[in-house]
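Okay, thanks everyone, let me get the model up on the screen.

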Amino acid sequence: MNFEIPSYLDKNNIGPYEIYLEQVERVTPYLGKLAYWVETLKRPKRILVVDVPIHLDDGSVAHFEGYRVQHNTSRGPAKGGVRYHQDVTLSEVMALSAWMTIKNAVVGLPYGGGKGGIRVDPRKLSMGELERLTRRYTTEIGIIIGPDKDIPAPDVNTNPQVMAWMMDTYSMNEGKTATGVVTGKPIALGGSLGRNDATGRGVFVAGARAMQKLGIALEGARVTVQGFGNVGNAAARIFHDHGAKVIAIQDITGTIYSEAGINPYEALAFLKEHSTLKGMPGTESIEPSSFWDIECEVLIPAALEKQITEENADRIKTRVIVEGANGPTIPVADDILSAKGVLVVPDVLANAGGVTVSYFEWVQDFSSYFWTEDEINARLDRIMREAFDSLWDVKERHNVTLRTAAYIVACARVLEARALRGLYP
Ligand SMILES: NC(=O)C1=CN([C@@H]2O[C@H](COP(=O)(O)OP(=O)(O)OC[C@H]3O[C@@H](n4cnc5c(N)ncnc54)[C@H](O)[C@@H]3O)[C@@H](O)[C@H]2O)C=CC1
Ligand SMILES: O=C(O)CCC(=O)C(=O)O
């Protein structure tokens with residue numbers, strides 16, 4: 001007989017929002033009097049589910065389900081990206097928006113947390129269909145977004161062009177150009193220098209700080225990267241630029257390995273030309289699941305959630321995991337890694353570089369005064385280093401993981417704002 005483990009007993013099958021709730025649960029004992037308000041963190045402030053109908057190129061009509069979730073606005077407007085993916089669910093968008101609340105508080109940005117998404121495989125759409133989808137979605141969520149309400153940005157499968165269409169659609173509907181309604185825009189439309197590489201750069205700064213704490217040299221350190229898009233690609237390039245050796249890269253098209261090291265610039269050029277990583281000269285193509293067995297000093301998951309589970313956590317042979325992706329490690333795997341002495345630099349810190357430069361973009365748009373790339377990178381590096389160091393102090397003081405330290409700091413900041421604002425009598 002074939003028994004299926006019920007999902008509530010299968011720790012690897014935990015839903016994204018349940019992962020977030022478990023993370024909040026773990027931190028509640030450290031919140032002192034602020035724990036009185038903890039329910040605030042468990043309930044998204046506002047959820048909008050929209051039907052997005054578009055004309056396909058063949059003249060038929062297709063309907064897609066879209067979401068925008070504003071998890072929390074205690075510290076400021078909601079802020080977070082928009083994902084286009086065939087597996088997007090409401091639970092996933094709720095979790096991603098909650099992680100934005102935590103992340104924005106970790107790096108001290110004056111934002112709450114939000115996230116959006118459409119359940120669609122964008123690879124199956126033409127450019128025209130993608131534009132129509134984006135414009136219709138923007139109009140549908142237009143009732144809750146705005147430069148001082150909720151500011152979307154890129155996430156998986158969305159990019160500066162998608163942000164340009166969102167900005168234009170919102171502006172048309174408002175009757176005025178509102179550059180501050182989205183970030184991650186092209187430079188010609190009020191985008192910021194440095195935003196493209198910002199998340200990967202932040203991954204590098206946080207990862208390098210963690211290596212320094214453990215006494216691991218950057219020069220020659222072996223790095224493996226899962227996901228070779230905006231985040232993984234930039235992180236790989238910047239680690240490579242600082243002397244580390246990228247020995248494996250995995251994306252949806254394949255997994256490549258080279259003990260001698262892979263030049264990420266050449267891997268990107270190869271991917272652009274051949275639409276796959278497989279077959280890149282000087283590398284060996286390996287089975288996707290073998291990626292987790294590769295011995296390295298730094299592992300960067302930079303693809304999707306729930307990649308590191310009870311099943312593969314034991315096999316991982318690394319010193320540091322720097323979470324470029326949101327939610328790549330499920331709680332049971334976190335415990336296994338912690339027991340093994342692997343340092344996990346959590347998503348809510350490690351990938352906060354993107355939203356930090358989004359914040360810079362928003363500030364620049366409001367003041368119509370634009371900074372140099374050096375200024376942006378210097379400010380980003382400082383924010384990432386200071387956030388890392390303050391979490392490290394909390395980790396040492398309470399003898400907890402860096403993730404729990406991040407949640408202690410962030411939840412206290414959000415709940416302090418909640419308590420000060422009070423409730424309507
Ligand atoms: N773009 C940004 O500024 C930020 C993104 N993130 C997070 O980083 C992660 C990646 O986002 P982006 O790089 O923006 O997306 P992207 O769309 O640019 O790239 C995604 C990459 O993941 C790969 N991928 C997808 N499914 C995979 C699978 N099952 N196995 C292996 N590889 C797979 C794709 O092939 C692609 O290389 C997501 O978790 C996202 O939420 C976090 C902070 C900011
Ligand atoms: O740049 C932003 O506003 C948000 C980026 C994002 O979606 C994330 O950090 O997960």
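When I say helix or strand, I mean DSSP runs numbered from the N terminus, with helices being H or I of at least four residues and strands being E of at least two. Before going on, the housekeeping: this is a predicted model, where local features need pLDDT of at least 70 and side-chain atom pairs count only at pLDDT 80 or more, while totals for chains, interfaces and linings use all residues. Residues are numbered from 1 along each chain as its sequence is written, and chains are lettered from A and ligands numbered from 1 in the order in which they are written.

Back to asparagine 399. Its phi is positive, about 55°, even though the residue is not a glycine. Most residues other than glycine have a negative phi. Is asparagine 399 buried or exposed? Exposed, with 8 other C-beta atoms within 10 Å. The cut-offs there: buried is 20 or more other C-beta atoms within 10 Å of the residue's own, exposed is 12 or fewer, partly exposed is in between, and C-beta atoms are placed from the backbone.

Serine 275 also has a positive phi of about 55° without being a glycine. Look for serine 275 in the loop between helix 8 (264–274) and strand 10 (284–285). Serine 275 counts as exposed, as there are 9 other C-beta atoms within 10 Å.

Now, helix 14 and its packing partners. Two packed helices are described by the angle between their axes and the distance between the axes. Axes here are lines fitted to C-alpha atoms, for helices over the stretch in contact, and angles run from 0 to 180 degrees between N-to-C directions.

Take helix 13 to begin with. Helix 13 packs on helix 14 at about 110°, and the axes are 8 Å apart. So helix 13 is roughly perpendicular to helix 14; that label covers 65 to 115 degrees, with under 35 being roughly parallel, over 145 roughly antiparallel and the rest oblique. Helix 13 brings Ser390, Leu391, Val394, Lys395 and His398 to the contact, and helix 14 brings Leu402, Ala405, Ala406, Ile408 and Val409. Contact means that the C-beta atoms of two residues, placed from the backbone, lie within 7 Å. By class, this contact has seven nonpolar, two polar and one charged residues. For the classes, Ala, Val, Leu, Ile, Met, Phe, Trp, Tyr, Cys and Pro are nonpolar, Asp, Glu, Lys and Arg are charged, and the others, Gly among them, are polar.

Next, helix 3 (residues 90–106), which holds isoleucine 102. The axes of helix 3 and helix 14 come within 8 Å and cross at roughly 90°, so helix 3 is roughly perpendicular to helix 14. On the helix 3 side you have Thr101, Ile102, Ala105 and Val106, facing Ala406, Tyr407, Val409, Ala410, Arg413 and Val414 of helix 14. That contact splits into eight nonpolar, one polar and one charged.

Isoleucine 102 itself is buried, with 29 other C-beta atoms within 10 Å. Leaving out residues up to four places away in sequence, isoleucine 102 touches Val348, Ala406, Tyr407 and Ala410.

Then there's helix 1 (residues 16–27), packing with helix 14 at about 80° with the axes 9 Å apart. Here Gln23, Val24, Arg26 and Val27 of helix 1 meet Arg403, Thr404, Tyr407, Ile408 and Cys411 of helix 14.

On to domains and ligands. The assignment, which is automatic or from a database, gives domain 1 (44–178) and domain 2 (196–350). Their C-alpha centres lie 27 Å apart.

Where does ligand 1 lie? Between the two domains, because both give residues to its shell. That shell has 23 residues, with Gly227, Gly229, Ile252, Ala325 and Gly354 closest; a residue is near if its C-beta atom, placed from the backbone, lies within 6 Å of the molecule. Helix 7 gives the largest share, three residues.

Finally, ligand 2 has 13 residues around it, and Gly81, Ala153, Asp155, Val355 and Ser358 come nearest. Helix 12 (residues 353–367) gives the most to that shell, with three residues. The shell is made up of two nonpolar, eight polar and three charged residues.
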